[in-house]
Amino acid sequence: MHILTVSSEAYPYSKTGGLADMVGDLSRHLAKLGHDVRVVLPYYRCTREKNLDTEIHAEDFKVICGDKTVTCRILKFIEESSSVRFYFVDQKGYFDRPELYNENNVDYPDNAERFIFFCNATVQMTKYFDFDVDIIHCHDWQTGLIPALIKTGFSKPSTLKEAKTVFTIHNIGYQGNYAMSNFHLTGLPPDLASTSGLEFYQNMSLIKSGIIFSDFLTTVSPRYASEIQTPELGFGLNSLIKEKRNKLAGILNGIDDSHWNPMTDPFLCCHYGPEDLEEKTNCKKNLQNKMNFPPDPDIPLIGGISRIAHQKGYDMVASVLPGILSNDLQMVILGTGDPQIENQLENISRRCHNFKFIKAFDESLSHQIIAGCDIFMVPSRYEPCGLTQMFALKYGTFPVVHATGGLDDTVKNFDPVTGTGNGVKFTPFSDIEFTSALVKALTLFERDKALWKRVLKNGMLENHSWEHRVIQYHNLYRDMTRNSLPCQNR
Ligand code: ADP
């Protein structure tokens with residue numbers, strides 16, 4: 001199949017979170033199955049700085065955005081290792097900026113215009129393809145306009161005549177809701193500036209466009225597919241999602257075994273696998289030294305890597321931290337985000353010798369934390385899928401998670417009687433439940449080394465790889481191109 005994937009980020013060319021991992025990994029695994037996969041991305045400054053060997057696909061390319069015309073270049077790059085083709089939309093005014101979406105936690109004021117342009121550029125560039133597109137897979141609000149442009153836009157390129165659209169919701173809390181005054185840039189018929197179209201509480205909602213006009217919706221875990229149909233986690237779109245539930249599936253994200261594998265990880269000082277955890281102790285020692293903690297293997301080391309945001313529960317972590325840190329343990333948190341929570345964590349980090357907060361986005365350190373810690377926490381209020389708990393499982397690091405979304409789908413409580421399970425999950429979301437889940441993990445670590453090892457091994461032997469999960473997308477696309485609409489929650 002000819003698959004066109006459109007996203008605002010993909011690893012390693014641009015990344016702020018799990019969206020980038022998912023789009024990059026899924027595309028490469030689809031290509032491995034033999035599909036022709038092309039990915040459209042903005043050409044950000046961070047992408048340019050990678051000095052890729054791109055060729056010019058279109059120079060002086062005029063993109064019509066409603067009543068405005070914007071000129072850009074389209075650069076093409078073929079990734080040799082995967083044969084995935086990347087098209088970068090190079091528009092300096094919109095994308096040559098220090099960050100992708102915001103600086104100092106403040107959104108760029110023209111985000112609506114930037115991504116409306118990106119969607120129009122994507123649709124219009126397909127005019128020059130010498131093949132017909134079978135599937136357009138769009139991700140999150142930044143690409144939400146595309147299904148609407150294809151279904152209702154004034155001029156649909158003939159290469160898209162047969163194309164079916166899939167829209168994946170990675171996080172329904174981020175909706176791309178902007179003032180209606182931007183609608184004139186969309187290129188959509190004026191009657192769609194209404195509640196049956198993009199209007200959402202007097203604003204224009206780009207995620208709503210994707211939900212209404214795509215042929216099929218997916219989200220990144222089965223549990224999250226149910227949760228977004230509830231008022232608690234649907235962020236105002238739950239009724240609409242419920243209405244569309246017959247074209248909705250929850251497919252768990254995978255992890256890339258070639259990038260996240262404790263047996264080969266180039267960021268680690270030592271390598272290990274499920275049959276021999278000996279060298280994990282050296283990874284721990286290495287991390288303890290790096291954090292200026294005493295390198296004692298018997299002191300439990302807890303880690304967290306996250307966007308520091310309310311969604312991720314790090315405000316709650318900050319509030320219970322002083323109590324937790326009074327125990328004989330060590331903790332390291334790596335992340336950036338909400339300045340207020342960052343400040344709290346920095347203050348605690350200054351006061352407590354056994355806690356380090358590293359305010360950075362650091363790929364190499366993220367691998368070392370996943371490998372070096374004993375326990376890994378993911379206390380998100382809600383979590384569409386979550387990747388770090390799956391990294392932790394693969395690296396023999398015991399996950400402590402809130403039982404929500406993909407965390408609930410991937411973590412199973414350990415059972416001391418049967419020796420089954422791979423971690424601990426808590427519910428409801430509260431500081432008391434979180435603390436008591438941590439205590440459960442710490443108690444197991446300290447009191448029953450045999451069971452501890454068994455639970456770690458259970459997790460390490462599970463298969464969360466894309467190799468295993470990509471087939472569900474393959475089947476979905478195949479059913480769509482054969483016009484046999486897939487059933488709910490495959
Ligand atoms: P989300 O996409 O909601 O931020 P996910 O768990 O799905 O959460 O994905 C987060 C991704 O970003 C993971 O690959 C994680 O390792 C990475 N990540 C998050 N924060 C950092 C950081 N400060 N440094 C390095 N990697 C990070």
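The chain folds into 17 helices and 20 strands, where helices (H or I, at least four residues) and strands (E, at least two) are DSSP runs numbered from the N terminus. This is a predicted model, in which local features need pLDDT of at least 70 and side-chain atom pairs count only at pLDDT 80 or more, while totals for chains, interfaces and linings use all residues. Residues are numbered from 1 along each chain as its sequence is written, and side-chain values use heavy atoms, with hydrogens and water left out.

**Overall dimensions**

- The C-alpha trace spans about 65 × 45 × 45 Å along its principal axes.
- The radius of gyration of the chain is 23 Å, which agrees with the value near 23 Å for a compact globule of 490 residues; the radius is taken over C-alpha atoms, and the globule rule is 2.2 Å times the number of residues to the power 0.38.

**The nine-stranded sheet**

- Nine strands form an open sheet with mixed pairing, in the order β3-β4-β5-β2-β1-β8-β9-β13-β14; two strands pair if DSSP finds at least two bridges between them.
- The edges are β3 (55–65) and β14 (248–250), and each has a single partner strand, so one side of each is left without a neighbour in the sheet.
- From one strand to the next, the twist averages 25°.
- Strands β9 (residues 164–169) and β13 (residues 216–219) run parallel and are joined by four bridges; I169 has T219 in β13 as its bridge partner.
- Strands of a sheet pair through backbone hydrogen bonds, either parallel or antiparallel.

**Helices on the sheet**

- Helix α1 (residues 18–32) lies across β1 (2–6), β2 (36–42), β5 (85–90), β8 (135–139) and β9, and runs at about 155° to β2. Axes are lines fitted to C-alpha atoms, for helices over the stretch in contact, and angles run from 0 to 180 degrees between N-to-C directions; contact means heavy atoms within 4.5 Å.
- Helix α5 (residues 145–152) lies across β1, β8 and β9, at about 145° to β8.

**Helix pairs**

- The axes of α4 (residues 111–125) and α5 come within 9 Å and cross at roughly 45°, which makes α4 oblique to α5. Angles under 35 degrees count as roughly parallel, over 145 as roughly antiparallel, 65 to 115 as roughly perpendicular and the rest as oblique.
- The crossing of α4 and α5 is right-handed; a crossing is right-handed if the near helix is turned clockwise from the far one by less than a right angle, and left-handed if anticlockwise.
- From α4, I116, C119, N120, T122 and V123 meet L145, I146, L149 and I150 of α5. The contact residues are seven nonpolar, two polar and no charged, with Ala, Val, Leu, Ile, Met, Phe, Trp, Tyr, Cys and Pro counted as nonpolar, Asp, Glu, Lys and Arg as charged, and the others, Gly among them, as polar.
- Helices α10 (residues 314–324) and α15 (residues 431–447) have axes that come within 10 Å and cross at roughly 50°, so α10 is oblique to α15. This crossing is right-handed.
- M316, V317, V320 and I324 of α10 meet D431, F434, T435 and L438 of α15; these divide into six nonpolar, one polar and one charged.

**Backbone exceptions**

- Most residues other than glycine have a negative phi, and most peptide bonds are trans.
- Y11 and P12 are joined by a cis peptide bond with omega of about 5°; P12 is in the loop between β1 and α1.
- The bond from T427 to P428 is also cis, with omega near 0°, and P428 is in the loop between β20 (424–426) and α15.
- Y201, not a glycine, has a positive phi of about 50° and lies in the loop between β11 (199–200) and β12 (203–205).
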